[in-house]
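This briefing sets out selected features of the structure shown below.

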Amino acid sequence: MNGKDNWAALSRASAAELKAVQEANLRRHVRQDVYPFSAHYRRVFDAAGVRAEDIRTVDDLRRLPLTTKADLLEAQSNEETKRDFVLIPTPEKIKANWPLSRKLPLLAGGREAREALRREYTPNFATFTTGRSADPVVFLYTPHDIDILAKCGARMLDVHAIHDHDARIVNTFPFAPHLAFWQAAFAGFETGRFMMSTGGGKVMGTSGNLRLLQRMNTTVILGTPGYIYHLLREGAANDARMPNVKLVILGAEKVTPGLKEKMAEALASMGARDVVISGTYGFTEARMAFSECPAQHSESPGYHTYPDTGVFEVIDPKTLEPVKEGESGELVYTPIAGHGTVVMRYRTGDLAVGGVTWEPCPWCKRTVPRISSELKRSSDQKALELTKIKGTLVDLSAMGTLLSGMREVDEWQVVLKKKNDDPHDLDQFVVRVSLRAGTDAEGFKTACARQIQEGVEVGPNAVEVHSTPEMLEFLGMETEMKEKRFLDLRPK
Ligand SMILES: [Zn+2]
């Protein structure tokens with residue numbers, strides 16, 4: 001994906017044309033990049049008895065095993081293997097694997113060709129995963145990959161229909177080596193749209209963010225669901241005015257319809273009506289993110305993917321076999337463009353309800369494959385967000401979805417500790433909430449405990465009601481990089 005992007009034509013090409021581009025890129029990527037330059041995948045191909053030439057179509061990927069986060073962590077934990085997922089070309093490997101047309105300038109020994117090679121393959125940037133309980137996994141980018149990141153950012157703004165020249169975008173993702181912030185920032189640079197990156201609450205404080213949002217006559221707000229809700233609620237409580245806001249784009253965490261409704265209410269009270277609240281889906285291992293087009297959230301047509309840069313397979317998490325188009329299953333991702341850290345058939349752990357479809361989008365008519373908007377953690381993958389509470393395996397992300405979706409809840413936090421602070425005593429599971437005005441606290445406590453028991457199969461020992469300022473303190477909303485939704489105080 002060098003030079004000008006052909007997204008406008010690509011995103012409306014026929015399925016047959018898109019599949020042809022996808023498979024051509026897959027073949028080139030495997031033959032000229034992954035097999036020759038990735039120590040890990042060379043071993044995987046050899047062990048499976050698969051030659052690079054055998055991967056001709058998306059179906060051929062099935063001949064390779066899946067890659068998991070555990071594989072990445074294991075490689076990274078050892079000095080000798082920590083770069084096994086990184087593409088590292090050598091003159092000998094280039095000579096043996098590249099077609100003549102591509103290696104000729106290098107063989108001729110030109111300085112320009114060597115410099116171009118360096119920009120293509122030598123990492124100069126990284127983002128990390130943000131797992132709650134596991135070590136972060138580092139993903140390296142080369143200048144070539146940053147170019148792809150920027151172009152995908154431009155594609156996202158196109159899908160979100162941010163085309164007006166006077167778009168004024170505020171990006172509240174925290175300054176961090178995480179995909180969300182950089183994907184957003186590069187989208188602004190690439191498209192030339194005005195984007196102010198505030199770093200969120202920790203850097204400028206929420207009052208600073210609110211002042212800026214108003215002074216800029218902001219039209220688009222980007223950020224995490226947890227922080228954006230806080231920001232909008234504070235704005236509404238302080239009589240802020242944001243009549244120009246048309247679009248809120250959320251990333252980095254899943255969003256519930258209940259939370260979107262609460263955001264829309266706060267925006268309406270600040271003069272912004274008919275605001276579209278859209279989600280994005282991205283993950284560190286893809287080194288890019290995907291957008292919903294601006295349909296109302298109740299009819300979201302899903303995340304629009306880029307068939308020229310990657311392949312999404314959907315598998316049955318039990319049998320690991322691909323399911324039919326449109327059927328639910330776990331998303332498995334294979335990038336087919338890009339250098340630096342490269343995975344193949346990566347198990348995302350995300351279950352797409354309704355899978356992936358190649359039907360044109362009913363809203364925007366783009367023809368690229370779309371991932372269903374309804375994503376869940378796949379419980380069969382040893383998801384890192386699963387934790388044992390009172391001996392039962394609990395999906396924290398599902399619990400978060402439940403709590404943030406409750407209409408009565410303003411802020412929430414889950415605390416896990418040991419009874420009497422004794423490591424051998426029983427687990428204590430406490431839900432802390434602040435409630436919206438007019439909620440009956442006692443009635444809510446009972447209903448909340450019952451819903452959690454039904455939703456995640458473990459009931460809390462207590463549901464505590466606090467004031468919103470107390471909750472913001474507990475969460476570290478203004479002081480932490482990411483608010484502390486789950487506090488595990490049990491000794492390790
Ligand atoms: Zn669409």
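In this predicted model, helices H11 and H12 are roughly parallel to each other, because their axes cross at roughly 30° and angles under 35 degrees count as roughly parallel.

**Helix pair H11 and H12**
- Helix H11 spans residues 225-237 and helix H12 spans residues 257-269, and their axes come within 9 Å.
- The crossing of the two helices, H11 and H12, is left-handed.
- On the H11 side, the contact is made by Pro-225, Ile-228, Tyr-229, Leu-232, Arg-233, Gly-235 and Ala-236.
- H12 contributes Leu-259, Lys-262, Met-263, Ala-266, Leu-267 and Ser-269 to the contact.

**The protein chain**
- The secondary structure of the chain consists of 15 helices and 21 strands.
- The radius of gyration is 23 Å, which agrees with the value near 23 Å for a compact globule of 492 residues.
- Along the principal axes, the C-alpha atoms fill a box of roughly 75 × 60 × 40 Å.
- Of the 492 residues, 43% are buried.
- Among contacts between residues at least 6 apart in sequence, 69% join residues at least 24 apart.

**Thr-334**
- Thr-334 belongs to strand E11, residues 329-335.
- Thr-334 counts as buried because it has 23 C-beta neighbours inside 10 Å.
- Beyond its neighbours within four places in sequence, Thr-334 contacts Leu-61, Gly-310, Val-311, Met-344 and Arg-345.
- Asp-135 is 199 residues from Thr-334 along the chain, and their C-alpha atoms are separated by 22 Å.

Technical notes: Residues numbered from 1 in each chain as written. Predicted model: local features only at pLDDT ≥ 70, side-chain atom pairs only at ≥ 80, totals over all residues. Helix = DSSP H or I, 4+ residues; strand = E, 2+ residues; numbered from the N terminus. Buried ≥ 20, exposed ≤ 12 C-beta atoms within 10 Å, placed from the backbone. Contact = placed C-beta atoms within 7 Å. Rg over C-alpha atoms; globule rule 2.2 N^0.38 Å. Axes fitted to C-alpha atoms, helices over the stretch in contact; angles between N-to-C directions. Parallel < 35°, antiparallel > 145°, perpendicular 65-115°, else oblique. Left-handed = near helix turned anticlockwise from the far one by under 90°.
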